[in-house]
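Try each task before reading its solution.

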Protein chains: 2
Amino acid sequence: MAVKAQVLYDFTAEPGNNELSVQEGEILTVTNQNVGSGWVEARNSRGNVGLVPEDYIEEWDDDSDDGKSTVGYGGSQMEEGGTMQRGGAHSTMKISLNKFPGFSKTPNPEVYLLTKSVAKGNDKLPIYAGEVGPVWLYPQIQLDCVVADPKKGSKMYGLKSYIEYQITPNTTNRPVNHRYKHFDWLYERLVEKFACALPIPCLPDKQVTGRFEEEFIKMRMERLQGWMSRMCRHPVISNSEVLQLFLNYRDEKEWKLGKRKAEKDEFVGVKIFSTIDPELPELDPGQVEQKYEMYSQFTRSMDNSVKELLAVGHLHWKRCTGPLQKEYRQIGKAFQNLSSVFNTSAYPTLSATGKTYEEIAELVAGQPKKDLHFLMETNNEYKGLLGCFPDTIAVHKAAIDKVKEADHLVTMNKISQQDKHIMEKNLSTMSYALQAEMNHFHSNRIYDYNRLMQFYLEEQVKFYETIAEKLKKALGQYTTM
Amino acid sequence: MAVKAQVLYDFTAEPGNNELSVQEGEILTVTNQNVGSGWVEARNSRGNVGLVPEDYIEEWDDDSDDGKSTVGYGGSQMEEGGTMQRGGAHSTMKISLNKFPGFSKTPNPEVYLLTKSVAKGNDKLPIYAGEVGPVWLYPQIQLDCVVADPKKGSKMYGLKSYIEYQITPNTTNRPVNHRYKHFDWLYERLVEKFACALPIPCLPDKQVTGRFEEEFIKMRMERLQGWMSRMCRHPVISNSEVLQLFLNYRDEKEWKLGKRKAEKDEFVGVKIFSTIDPELPELDPGQVEQKYEMYSQFTRSMDNSVKELLAVGHLHWKRCTGPLQKEYRQIGKAFQNLSSVFNTSAYPTLSATGKTYEEIAELVAGQPKKDLHFLMETNNEYKGLLGCFPDTIAVHKAAIDKVKEADHLVTMNKISQQDKHIMEKNLSTMSYALQAEMNHFHSNRIYDYNRLMQFYLEEQVKFYETIAEKLKKALGQYTTM
């Protein structure tokens with residue numbers, strides 16, 4: 001079936017670039033998702049085909065059972081094409097949920113809502129009252145790891161080759177090796193186990209062509225590092241058996257055994273809520289629904305803002321490396337040509353000014369890699385995270401609806417009054433889980449954006465100062481005339 | 001008859017702007033010259049009609065007797081439309097020559113070539129050996145004037161109104177008043193008298209609509225100032241009776257009498273050469289031709305370079321006030337929107353960063369008026385000057401060709417051997433006039449471009465430093481978090 005996409009922002013094609021002008025709200029048919037460099041080929045309703053920036057469109061859900069991978073922000077900032085990140089925003093979770101055998105559409109919270117017992121011991125996930133509200137239990141020392149040293153390995157007598165990364169956790173300081181497919185395995189386990197309660201962002205996408213290209217490997221490593229750090233920073237995930245196994249296994253045997261155990265884990269899907277133990281007073285369904293509305297609105301707003309920033313970042317990147325570079329080069333050339341006309345009476349200063357503008361052209365074109373890159377990467381990560389929330393929140397909403405039905409079910413004698421109380425208590429637990437997770441998200445967000453903006457502004461200041469400095473130098477040559 | 005224009009540079013239309021994509025060398029039919037703001041409306045051979053930047057095209061001479069005013073660089077830098085400068089480059093002179101009763105196409109230098117006598121006394125224009133070669137006699141004190149204080153006047157009981165400018169020469173320090181039509185009268189006299197030997201640049205164009213608009217009056221005054229200063233700086237023109245009259249007349253009577261006298265001046269057209277008196281050894285026709293080739297090539301090259309700079313300047317102007325401003329505004333908006341999503345936990349610093357980028361948007365859009373404006377104005381002036389050279393040089397070439405025929409004419413007994421010698425001597429005089437003029441042009445050029453580039457770079461440095469400063473301030477707010 002053809003992938004349909006809805007246009008998020010107006011986009012005006014540049015003539016001669018094989019691009020397609022599209023308008024917000026328009027529905028397109030994606031004809032080629034593998035164009036790379038942040039572009040997809042699409043056909044509009046009038047039959048015109050052309051390239052459209054990935055960030056400007058999102059998959060159109062005319063058939064939500066489709067479960068197809070969508071087009072999403074990719075490595076648009078890389079000139080070498082083809083570093084697409086898997087999935088985009090909203091549809092991300094659907095892919096993952098499809099992988100999880102228990103999920104069809106939204107997982108049914110009913111199984112959990114009527115559960116009476118709570119997990120014991122190590123499996124227990126407590127929630128405390130923190131300064132900002134309900135919070136997960138944070139470890140004394142924050143787990144982190146370094147992903148480094150990508151090495152090409154091979155098996156089957158060199159017939160198949162792969163890249164192996166070295167991951168060194170700060171706890172043991174002992175490196176372990178993992179291939180991309182191991183990360184993918186870890187991702188699947190985390191989705192299986194936590195996705196009903198926690199957003200598990202996608203891994204950077206697998207790439208089909210040019211897998212061993214240096215730039216691509218570097219970029220994937222950077223993104224795997226970002227993903228791993230985010231997992232390590234999470235108080236619940238960092239403490240999970242499966243992540244500990246991934247980071248700490250001592251030999252092939254321990255790894256294999258651990259894998260088998262993780263794959264048999266029973267506390268997965270909605271059952272994760274039965275391991276959550278909020279040491280806080282029970283919330284009534286009204287309070288729960290209020291919180292739900294607030295988070296639902298917040299994640300939607302932030303998702304829009306992040307996409308807006310990505311779209312303008314994408315445009316700006318294209319402008320800097322395209323027309324703006326060209327224009328500064330032209331200015332530089334024009335000054336130099338004029339200076340060469342003046343050659344009879346020698347005018348080297350004007351020629352030097354021309355060269356300065358050519359240098360500025362390269363600075364302008366090279367700048368996005370220095371600052372915009374990190375801004376796009378961080379926002380892209382957040383887009384991925386925010387893309388997981390609708391599904392997490394949908395589970396929550398389904399539970400709220402179930403509890404709303406409870407009165408009716410009691411009247412019909414389908415459940416007892418006691419069952420209803422259990423349902424309400426469990427809904428309160430789910431709400432505390434969502435609140436703890438949102439509070440975790442908020443604190444991460446402040447840290448990440450604060451760091452991002454400081455870095456971005458520092459680089460921007462350097463950029464403008466460098467240009468001013470260069471122009472000053474060019475100006476200085478005139479005074480001696 | 002429809003005005004045809006040839007495309008000088010490729011231009012890619014921006015969709016939705018009513019623009020027309022054109023390619024170098026393409027011939028267009030100009031359908032509306034009065035679009036303003038540096039644009040003309042034109043139709044291509046396929047019948048498509050749209051706007052094209054004036055700088056990108058020049059009049060196409062399929063009928064050189066046409067003598068129609070052409071499209072040329074105008075006040076493309078003014079957002080308020082309609083400040084077109086009269087004529088453009090090459091065809092400029094043709095308009096003026098048509099006004100001059102003695103000229104049909106290229107003035108015939110024969111009248112002068114056989115002239116034996118040289119003007120005496122005040123009318124004599126000596127040429128000396130300067131450091132750089134033959135030079136005009138420069139006055140001890142360089143004449144200059146200030147064009148200021150444009151005032152709206154009226155006549156016919158207020159039925160007709162006009163703008164009167166105050167012109168104050170540095171010699172008398174006594175202001176005189178002139179309307180645009182007086183400037184135009186002066187221009188016509190100067191063309192009549194000097195255009196065979198000196199390039200007389202056009203006046204800024206008359207405007208049909210919105211003549212009293214403040215911005216337009218300011219712009220015209222600036223350009224009249226530039227034109228007058230250039231005339232005053234010229235050693236031959238500054239010393240001419242007609243310019244002296246224009247600057248120094250004491251009352252209406254003196255002005256009227258002087259006007260009548262100037263209109264009856266006999267030493268006009270090619271006769272101007274008979275007033276030129278080079279105190280230098282006679283050049284043989286071979287030397288003359290060599291100089292001619294050199295200047296011919298130089299003026300063509302410089303004309304091309306100046307047009308190239310104008311074209312890229314035009315493009316850059318459009319980019320800064322158009323897409324670039326829009327983009328920085330979008331970046332600013334995106335940061336602010338993101339900050340407003342974060343409102344729950346208050347994130348005023350990010351909002352301040354957003355505002356900073358909105359301010360940068362306005363700086364970017366406002367910058368061309370600060371620096372590019374002067375660059376465009378100066379280059380536009382030079383484009384006008386260089387547009388006069390082909391005709392001045394054509395007179396010269398016609399004289400060279402006549403002298404080449406002289407041997408043949410002697411054989412045919414049409415002229416005497418002595419006549420031939422007079423022709424060669426007069427050709428030498430013409431060559432000295434051209435050399436003196438080119439040397440004057442060169443020294444002006446060095447002065448003008450040196451001043452221009454210093455001014456431009458100073459403003460550019462300020463611009464980038466201001467942005468860096470603003471971003472530093474935005475960055476400073478983060479450290480306190």
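**Exercise 1.** Find which residue meets the side chain of Arg46(A) in a salt bridge.

*Solution.* Step 1: recall the cut-off, a side-chain nitrogen of Lys or Arg within 4 Å of a carboxyl oxygen of Asp or Glu. Step 2: the side chain of Arg46(A) meets that of Glu26(A), at 3.2 Å from N to O. Step 3: Arg46(A) sits in the loop between strand 3 (39-43) and strand 4 (49-53) of chain A, and Glu26(A) in the loop between strand 1 (3-7) and strand 2 (27-36), so the pair ties together parts 20 residues apart in sequence. Helices (H or I, at least four residues) and strands (E, at least two) are DSSP runs, numbered from the N terminus.

A note on conventions: this is a predicted model, where local features need pLDDT of at least 70 and side-chain atom pairs count only at pLDDT 80 or more, while totals for chains, interfaces and linings use all residues. Residues are numbered from 1 along each chain as its sequence is written, chains are lettered from A and ligands numbered from 1 in the order in which they are written, and side-chain values use heavy atoms, leaving out hydrogens and water.

**Exercise 2.** Classify both partners as buried, partly exposed or exposed.

*Solution.* Step 1: buried means under 20% relative accessible area, exposed over 50%, and partly exposed in between (1.4 Å probe, protein chains only). Step 2: Arg46(A) has 58%, so Arg46(A) is exposed. Step 3: Glu26(A) has 15%, so Glu26(A) is buried.

**Exercise 3.** Work out which parts of chain A are linked by the salt bridge of Glu215(A) and Lys369(A).

*Solution.* Step 1: their side chains meet at 3.5 Å, N to O. Step 2: Glu215(A) is in helix 4 (residues 214-233) and Lys369(A) in helix 9 (residues 348-370), 154 residues apart. Step 3: Glu215(A), with 31% relative accessible area, is partly exposed, and Lys369(A), at 38%, is partly exposed too.

**Exercise 4.** Locate the salt-bridge partner of Glu359(A).

*Solution.* Step 1: the partner is Lys470(A), with the closest N and O atoms 2.6 Å apart. Step 2: Glu359(A) belongs to helix 9 and Lys470(A) to helix 11 (residues 417-479), 111 residues apart. Step 3: Glu359(A) is partly exposed at 37%, as is Lys470(A) at 25%. Step 4: elsewhere, salt bridges with shared partners join Arg230(A), Arg233(A), Glu381(A) and Asp448(A) into one network.
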